[in-house]
Amino acid sequence: MATVELETILDLNTLEQYCSAIGASTLLKSVVLFEQLMPEYVGNLVKANEAADKDTLCSEAHKFKGAAGSVGLKRIQQIAQLLQHGEEADWESKHATWVAQIVEFASADLQQLKQFLQAKA
């Protein structure tokens, strides 16, 4: 995958720093834990969206943003960042699209992250 495309998916700067500090294999263990938790995170976003529960949706997006950011998943972290801010003017018209984008990209982005780290380990 081209580096430019990878840079839209992963926070390469942070990942390089993590790999230097703790090693790619140690970081990969955190990614595996995130992978186990991700279906619950994404499921909570979908459920809150389907229930039109804005407060829960924003709260769950905030948690997901932090978790995704902690393992270097830049694209889905950025989408979750938009989703967590229910007070923004365009939130009502765009939140369903953001949830759909998270659902669409989360697994593929996670696989890219794992491949990136496995190549470094």
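Colleague: Which residue does the UniProt annotation "modified residue: Phosphohistidine" cover?

Modeller: The record, an unreviewed entry, places that annotation on His 62. UniProt positions are given in the numbering used here, feature names are shortened, and annotations may be inferred rather than shown by experiment. This is a predicted model, in which local features need pLDDT of at least 70 and side-chain atom pairs count only at pLDDT 80 or more, while totals for chains, interfaces and linings use all residues. Residues are numbered from 1 along each chain as its sequence is written, and side-chain values use heavy atoms, with hydrogens and water left out.

Colleague: Where does His 62 lie, and is His 62 buried or partly exposed?

Modeller: His 62 lies in helix H4; helices are DSSP runs of H or I with at least four residues, strands are runs of E with at least two, and both are numbered from the N terminus. Buried means under 20% relative accessible area, exposed over 50%, and partly exposed in between, with a 1.4 Å probe and protein chains only. His 62 counts as partly exposed because its relative accessibility is 45%. Gly 66 is also found in helix H4, and Gly 66 counts as partly exposed at 38%.

Colleague: Which residues of H4 are buried, and what do they pack against?

Modeller: An α-helix has 3.6 residues a turn, so residues three or four places apart point the same way. In H4 the buried residues include Leu 57, Ala 61, Phe 64 and Ala 68. The buried residues of H4 pack against H3, H5 and H6.

Colleague: Which residues have the most contacts inside the largest nonpolar core?

Modeller: A nonpolar core is a set of buried Ala, Val, Leu, Ile, Met, Phe, Trp, Tyr and Cys residues joined through side-chain atoms within 4.5 Å. The largest one here has 38 residues, and Phe 34, Phe 64 and Leu 73 are among those with the most contacts inside it. Leaving aside neighbours within four places in sequence, Phe 34 is in contact (heavy atoms within 4.5 Å) with residues including Phe 64, Leu 73 and Leu 110.

Colleague: How is a pair of packed helices described?

Modeller: Two packed helices are described by the angle between their axes and the distance between the axes. Axes are lines fitted to C-alpha atoms, for helices over the stretch in contact, and angles run from 0 to 180 degrees between N-to-C directions. The axes of H2 (residues 12–22) and H3 (residues 24–50) come within 7 Å and cross at roughly 115°. Leu 15 and Tyr 18 of H2 and Leu 27 of H3 are among the residues that make the contact.
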